[in-house]
Each structure stands twice: as C-alpha cells, then as structure tokens.
Amino acid sequence: MKKHLIDFKVLSNSSLNYNHNLLELSCDQPLPAMVPGQFAEVKVDNSPATYLRRPFSIHRIDYEKNTLHLIIKSVGEGTRKIAALQAGDTVNIMLPLGNGFTIPQNSEVLLVGGGCGVAPLWFLAAELQKNGNQVTMLIGGRTEKDILLAAEYSQFGEVLISTEDGSLGQKGMVTAHTVMLQEKLPFSAIYCCGPDGMMRAVSHIAEKQSIPCMVSLENTMACGIGACLCCVVDTHKGHQCVCTEGPVFNSKDLKGWSAETEVGCSINK
Amino acid sequence: MANLSVKLHHLNLKNPVMTASGTFGYGEEFDDFIDVNALGGILVKATTSGHREGNPYPRMAETPMGMLNAVGLQNKGIDYFVEHIYPRLLKYNNSVIANVSDSTVEGYVEVARKMNQLEHIAAIELNISCPNVKEGGMAFGTSCPSATAVTRAVREVYDKTLIVKLSPNVTSIAEIAQAVEAAGADAVSLINTLLGMAIDAEKRKPVLSTITGGLSGPAIKPIALRMVWQVARAVKIPVIGIGGISTAADAIEFMLAGATAIQVGTANFVDPRTTMNIIAGIDDYLNRHQINDVNELIGGLIC
C-alpha cells in the first residue's frame, strides 16, 4: 500500500476529556486507501525541544467528506503541540503506515479498548459492520472520565463498559467484565487495543478459548516506515518492527504472550 | 545549473548528498516518497557476518532536537544480504555503499570479502564506531592500533573504495583518521553517534534497555562540524560529513569545513524528502553565489 506525505488542514479540534482531543482533518487530494489498524505519523511544528513525528492510530475515515479523524492523547510536549492545533492550521501527516486488522464476514466479534485504545476501533467497527459482522464493544478505563466515545460507538453494536473504580459500567478491569467470564465466549475473533497488561490479559482469555486475538501494539517510533528498526517487539520469528510488521499482531505470534506467562492485568499500566 | 558532481576516490557521485547507514533501511523504504536514484549515493543498513537480533526494546529515546538509539546492528547477516537484499538493490543506478560491521577482525574481513564480489556495491563503509554493540563496533574505532588493524585487514581483501566511519567518542578523532588513512582507507566518514543516556525520573530507570545509546540529530551538529573540520585538515583522503544535517545550509557548512560529500541521517525520519530538499538547496546556494562547481565549496571556510 503506497505511503503518502500530505498537508492536512484542521477542520475542528474537540476535547474528549482531560487529556484527549479529537482532530478532524481534510486535505486537497483524495484520501488514499487505508485499512483499519493502520496509523499515521504527524509532524510536530514549532517545538524546539522535540524533533520526531508522533504516531497515532487512524481513528475514523470518511471518504465521502474526504476527512480523517485522529484521537490525540497529550503525554509530552510533542503531543501537546498537536493537541493544541486549531481549526485552519495545517499539519503534515505521513500515512497510511503499517498493517491493519483482518476483517472477517458475517461473524460475531468482540472489540476491547482500554483508554485511548479505542482509537483504532472506530474504523475497525465500521468495516466489520459493513461486512455483516455482529460487533460487541467492551470499553475499559480507570474512571468514568477515562471512557471515550462510548455513546458514539453504540451505532456499531452493543457497548459494554467497565471502570476500575466502578464510576461507570461494571466495576473492575475489562477481563473481570461479565461478558469475558462466560464459560464459552460467543465470539469468533477478539480485537484489542490498550495498555500492554490489558492486551496480554485479554489475549490469555482468548487463547484459553481458542479464539484468535488481534492486538494493536504501541511502541516508541522514529521513522514509522521500517528504516530505523527502533520499534521492535519480540515475536516467535525474532524482532519485528511494530511500524511495518505491525502495529496489529496476532497475539499468539508474540513472544512471552502465552497464557502460561504470569502477568498482571491493569487498564492503566 | 552548477556542477554538483563530486568524487570520492574512484566513486563519481552525481551530487554530494548521500544517506547515512541505519537511517535509510535498504532504500526501498523511501521509494514512495523520493526518487532514490537522484541521490549521490545510498548507504544501506549495516551488515555483519552472521544474523544479529539487535538489542532488546526499548531502543529509542527522543531527546532535545535529537534521539538516542540502541538498535544494536540488527540484520540477517552477509549471506542473507547476498541472496535476498542485494538483488533488490540492483534497481538503483547511483552509488550503493554497504556499511560493514562485526565483533571480530575476522568477521569484518569475511563480510568485506563477500561484498567485494558484488559488482553493484560501489564501496563499503567500515563501521568501527557503532556504540550499541557489546563487543567490537566502537571498540575498534577508539584506539589507533585497533582501527589500524581492522582497516589493514579489510584493505587486503577489498579492492574497491574503502570508507572508514569514525567514532566521535575519542580524545582525538584526527589521530584515528590519520591512522586509518595510513592503513589504506580511501575516505573517512564522520561522525557516528555520540554515546549518550536518557533517564525516566518518574521510574528512576534508564529509558533504553542498554542504559546508554547513540545520540544523533541536530543536537550533535556543532560537534560533528568541528570534527569534520579537524579531520579534513589532518588527512589527504576525502572526508564525508555526517551529524545532524537537516537542511541545505547544514550540508554547505560541512562542505566548507572540508567535507567532499555529506550523509543525511536522522532527518530522514522526520521528513523522508529531506535529501531532495538539500540537493535543491545546494543548487540554489551555488546559483545565488554564482559558483559553477560544488567542489569549490570543499574546505572553503574563511578563518
């Protein structure tokens, strides 16, 4: 899939919660083809202390309006600069990068998103729906204010919520939610994005029930195109770049992700 | 249009702009963004005698106007390179230069000997300066006797242009440059990354899995510029400038300091079109200053 460098114009910037923003962007040329799970590298301008681009999941694509949506989590100066973009600003973006999720047809699937891990699941849910799949979505967070876009996701199917403090939905981590505790999960695939511990715990449950589990990994990246080899993850095939072989991996391909590996489960690791 | 071609020993480059090894993959990663053939040359990812997995994650930390890396020469070894990667490089008609590294002199020699058989590899760059491997790498480049030994051994088996990439993590880089020149190097390239460190104060832990790593990017440019100037005055062979070059102005500064050609590294990550902008910018500079030949810039610093 050909990669592009495109100058986007910011159409709007809305605050989702205390440290997440939703950017709506458009460009002069037709948006290139993309698949759910791919990501974009956004250039950081006017930031003397930072240098590298910042990677973000492709949140939402509207080919009719020719718009792209990105969820920006502010964690440092670079992401804060991007989160501060205003309507009318221009920003250079490299996309689409990496490999995305596999889309089945006419299946019952579960999407699990922790915190801003819901970001790539919108585009995914839309494509799953288009292909006749029945989507159940489980969103987790530490508190109510960490649950992003739950109402909006309901257009794709049932939305379930769990919070660690019980302020919204069921109390506890996503792996403790009733839907995950069923003796026989009624899903033919699980898609997961969020903190590392959460994804490992979800993948363990999937593995025990022999359900394929696709996880979208996050990593510190420099180039985003496989040139620098900085963003590796340990797989059964050796070190692989999250930016090119991922960010979506089948959890069984990841070394140390076996259910026999004891790990904790925390949404906000 | 001014003449942009420069000569590195037997290599004729169509312009002085190349890419730094480890920042450009095998060229094809950039095919979507630029005409790779428009570059003076490309330095491909380091090759070692055997397969190397590289260092554990995390391998990268961003620092003010730069980055630290601890990749650790991840590659699949020379035999894989010959069989699988070399055929893919045949599509490039500019100078394709292989970066060669290893943990032992014998390993360097093995890789160089096999590279010597590859017609389309125009030169090798001997990497005696990688700070991210436990054995070999930088160790060879930090003393005159070891730099001499590995350069001399490779010289015996390698017929084409031999470039030696120098480490800045030394007391006198000019002395190391003179040593490798005497041992048979046809050119030197500098600088490789500077040994650095990043700490996560919240966790009280180093950011990189290897604790220390190699610093690159605009943050190191003044150091690289100074070292290129020092080395260019100390040796007769061509010098290739590397270190934080992001703009045409940066490239011209390095040439004025004595570099015959330059390599663009970390800036490729920020904008994959950087090299093209630099080539156009050099041409613009020459036209503005009514200079007909880019070679007139080399060592043209007025002190």
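Where in chain A does Asn66(A) lie? The points below take up this residue and then the rest of the predicted model.

1. Basis of the note. This is a predicted model, in which local features need pLDDT of at least 70 and side-chain atom pairs count only at pLDDT 80 or more, while totals for chains, interfaces and linings use all residues. Residues are numbered from 1 along each chain as its sequence is written, chains are lettered from A and ligands numbered from 1 in the order in which they are written, and side-chain values use heavy atoms, with hydrogens and water left out.

2. Asn66(A). This residue lies in the loop between β5 (60-62) and β6 (67-73) of chain A; helices (H or I, at least four residues) and strands (E, at least two) are DSSP runs, numbered from the N terminus. The phi of Asn66(A) is near 60 degrees, a positive value in a residue other than glycine. Most residues other than glycine have a negative phi, and most peptide bonds are trans. At 16% relative accessibility, Asn66(A) counts as buried (buried means under 20% relative accessible area, exposed over 50%, and partly exposed in between, with a 1.4 Å probe and protein chains only).

3. His9(B). A positive phi also occurs at His9(B), near 55 degrees, again in a residue other than glycine. His9(B) is placed in the loop between β1 (6-8) and β2 (11-13) of chain B. The residue is partly exposed, its relative accessible area being 27%.

4. Cis peptide bonds in chain B. The bond from Tyr57(B) to Pro58(B) is cis, with omega near 0 degrees, and Pro58(B) is found in the loop between β4 (41-47) and β5 of chain B. The bond from Leu190(B) to Ile191(B) is likewise cis, with omega near 10 degrees. Ile191(B) is found in the loop between β10 and β11 (194-197) of chain B.

5. Overall form of chain A. Chain A contains 4 helices and 16 strands. Its C-alpha atoms fill a box of roughly 50 × 40 × 35 Å, taken along the principal axes. A compact globule of 269 residues would have a radius of gyration near 18 Å, and chain A, at 18 Å, agrees; the radius is taken over C-alpha atoms, and the globule rule is 2.2 Å times the number of residues to the power 0.38. Buried residues make up 59% of the 269 residues in chain A. Among contacts (heavy atoms within 4.5 Å) in chain A between residues at least 6 apart in sequence, 64% join residues at least 24 apart.

6. Pro96(A). This proline lies in strand β7 (residues 90-97) of chain A and is buried, with a relative accessible area of 2%. The C-alpha atoms of Pro96(A) and Leu85(A), 11 residues apart along the chain, are separated by 21 Å.

7. Interface of chain B and chain A. The contact takes 34 residues from chain B and 29 residues from chain A. About 2700 Å² is buried between the two chains, of which carbon and sulfur atoms give 60%; buried area is the accessible area (1.4 Å probe) that two parts lose on being put together, summed over both. Across the interface the rule finds 2 salt bridges, a salt bridge being a side-chain nitrogen of Lys or Arg within 4 Å of a carboxyl oxygen of Asp or Glu. Glu62(B) forms a salt bridge with Arg54(A), with the closest N and O atoms 2.5 Å apart. On the side of chain B that touches chain A, the elements that give two or more residues are β5 (60-63), β6 (66-69) and α7 (267-270) of chain B. By class, that side has 15 nonpolar, 11 polar and 8 charged residues; Ala, Val, Leu, Ile, Met, Phe, Trp, Tyr, Cys and Pro count as nonpolar, Asp, Glu, Lys and Arg as charged, and the others, Gly among them, as polar.

8. Helix α4 of chain B. In α4 (residues 173-182), Ile173(B), Ala174(B), Ile176(B), Ala177(B), Ala179(B) and Val180(B) are buried. An α-helix has 3.6 residues a turn, so residues three or four places apart point the same way. The buried residues of α4(B) pack against α3 (144-157), β9 (161-165), β10 (187-190) and α5 (221-234) of chain B. Gly184(B), whose phi is positive, near 115 degrees, follows α4(B).
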